[in-house]
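User: I'd like to go through this one term by term, and I'll keep asking where each label comes from. Ready when you are.

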Amino acid sequence: MSHKKETTILLLSLMVTLGLVGGGLLLFKDEIFPENPAGEKTPSNKSVSDRISFGEKILTPGDVNPDKTAGVQALANKDYPAAISSLETTLKQQRNNPEALIYLNNARIGSDKSYSIVASIPLGNAPNSALEILRGIAQAQDAVNSSGGIKGVPLKVGIANDNDNPEISQQIATSLVKNPDVLGVVGPNASDTTLAAGTVYNTGKLVAISPTSTSVKITNFSPYVFRTVPSDFMAARSLANYMVKDLQKTQAAVFFNSQSNYSQSLKTEFVSSLSLEGGGVLREFDLSQPNFSAAKSLEQAIQEGAEVVMLATNTATLDKGLQVVQVNQKRLNLLGGDDVYNIKTLEVGREQASGMVVAVPWHILGETNSDFPQTSRQLWGADVSWRTAMAYDATVALIAALEKNPTRSGVQQALSASDFSATGVAGAVKFLPSGDRRAAVQLVKIVKGERSRTGYDFEPVP
């Protein structure tokens, strides 16, 4: 492909991205924030206390709803009736606002006795993923408090914005460990962040359950670090099996980010899994390289005999992965990890991404044995994502552990017990001694549709 053609395609892709409006399905809505040259989101100089809120400050970027602002101010002043009134009004206007629902439930608790957990999420630089996670936590909190609490004691939820930054996540973890009221953490989001913060949680003996961190390095990492999402091992096995058995292809090229633990993990597991299936990875392309060229890399892959492109991108390199999708022009089959499950993939990829198969932990249309799809739609007004489901499961696991023993050591012992079980979105939530959850992976395909309002949707692979 000529340099001129490559430039044209990439410019068109960029124009599509920048020209999009935020009217998409709530579980996908995304925003773009500045990055430094290494691809990491630039951390702000906010203090740790500014990053943590139980309702006294708004953490969601750009949220200027006046009623929510009034509710948060009232909550900071401990004027709980006024906070309740303002936050209820907010939710009548914005029913899909999980931060408002969490703060409303906290306001209803007021100064009464409660058990506290905190969500550690990247609101500052990945608000889409963060809000998806918050919806699961908010739904679980709302459900348990509406039904009488944990043996009569309501659940209070704090929110911490870690920006998916390992250094910030460690600072937040240190603050949470020092707060004796905090009995558990849901998060962090990214594998690198979980591994960094996990060292602090381990030392401080505070349980953290990540709903979204998939790196195989988290397995057996700490007796205080758990996760409700399957590891990259499971996703890679499913994708490799689909490639060989369903697509009947054996040769792949993998695009990944060497600076991301998640991306490295998924890439390595896919290479191993494909080898076990009788196939092979002909070439690995590092998206983090400053001289990376989507067109040149793809042409090299095709010349060497690749039949499939596997995108093991993370959030920081998704845009480069979508450049590969654009220049591919549907010549090679496309596979992707769970980070590709994003509104941007549908908006930018469009017809060029049609047919791509992505491995995710759960999909709302693939769930037939639970009332969660219906209850979540009633609460939020739209379908929710796998991140919401896995965050819900992490929260109900903490709730079940608190019911057994509402102390930090009690929570850890309950989750580690061989007979522990909590009722999650898709069956029981149980943990292996490694901290992993034994769970299946759902393959989804990009097809034409209107659920996301982009003209394309992710639908379960039959």
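User: What do the buried residues of helix 3 pack against?

Analyst: Helix 4 (80-93) and helix 5 (98-109). Contact here means heavy atoms within 4.5 Å. Before we go on: this is a predicted model, so local features need pLDDT of at least 70 and side-chain atom pairs count only at pLDDT 80 or more, while totals for chains, interfaces and linings use all residues. Residues are numbered from 1 along each chain as its sequence is written, and side-chain values use heavy atoms, with hydrogens and water left out.

User: Which residues of helix 3 are buried, and what makes them sit on the same side?

Analyst: In helix 3 (residues 66-76) they are Lys68, Gly71, Val72, Ala74 and Leu75. They cover an arc of only 160° around the axis, so they end up on the same side of helix 3. That arc is taken from the directions from the helix axis to the C-beta atoms. As background, an α-helix has 3.6 residues a turn, so residues three or four places apart point the same way. The helix itself is a DSSP run (H or I, at least four residues; strands are E, at least two), numbered from the N terminus.

User: What caps the N-terminal end of helix 3?

Analyst: Asn65 does, with a side-chain oxygen 2.9 Å from the backbone nitrogen of Asp67. Just after the helix, Lys78 takes a positive phi of about 60°.

User: Why is Phe255 called buried?

Analyst: Buried means under 20% relative accessible area, exposed over 50%, and partly exposed in between (1.4 Å probe, protein chains only). Phe255 has 0% relative accessibility, so it counts as buried. Phe292, with a relative accessible area of 16%, is buried too.

User: And why is Lys113 called exposed?

Analyst: Its relative accessibility is 58%, so Lys113 counts as exposed. Lys113 sits in the loop between helix 5 and strand 2 (115-121). Leaving aside neighbours within four places in sequence, Lys113 is in contact with Val153 and Pro154.

User: Which residues have the most contacts inside the largest nonpolar core?

Analyst: Ile209, Phe255, Trp362 and Leu415, in a core of 95 residues. Helix 15 (residues 386-404) gives the most to this core, with 13 residues. To belong to a nonpolar core, a residue must be a buried Ala, Val, Leu, Ile, Met, Phe, Trp, Tyr or Cys, joined through side-chain atoms within 4.5 Å.

User: How do you know that Asn257 and Asn314 make a polar contact?

Analyst: Their side chains are joined at 3.2 Å. The rule asks for a pair of N or O atoms within 3.5 Å; within protein, one must be able to donate a hydrogen and the other to accept it, and residues adjacent in sequence count only if both atoms are side-chain atoms. Asn257 is also buried, with a relative accessible area of 3%, in the loop between strand 7 and helix 10 (261-276).
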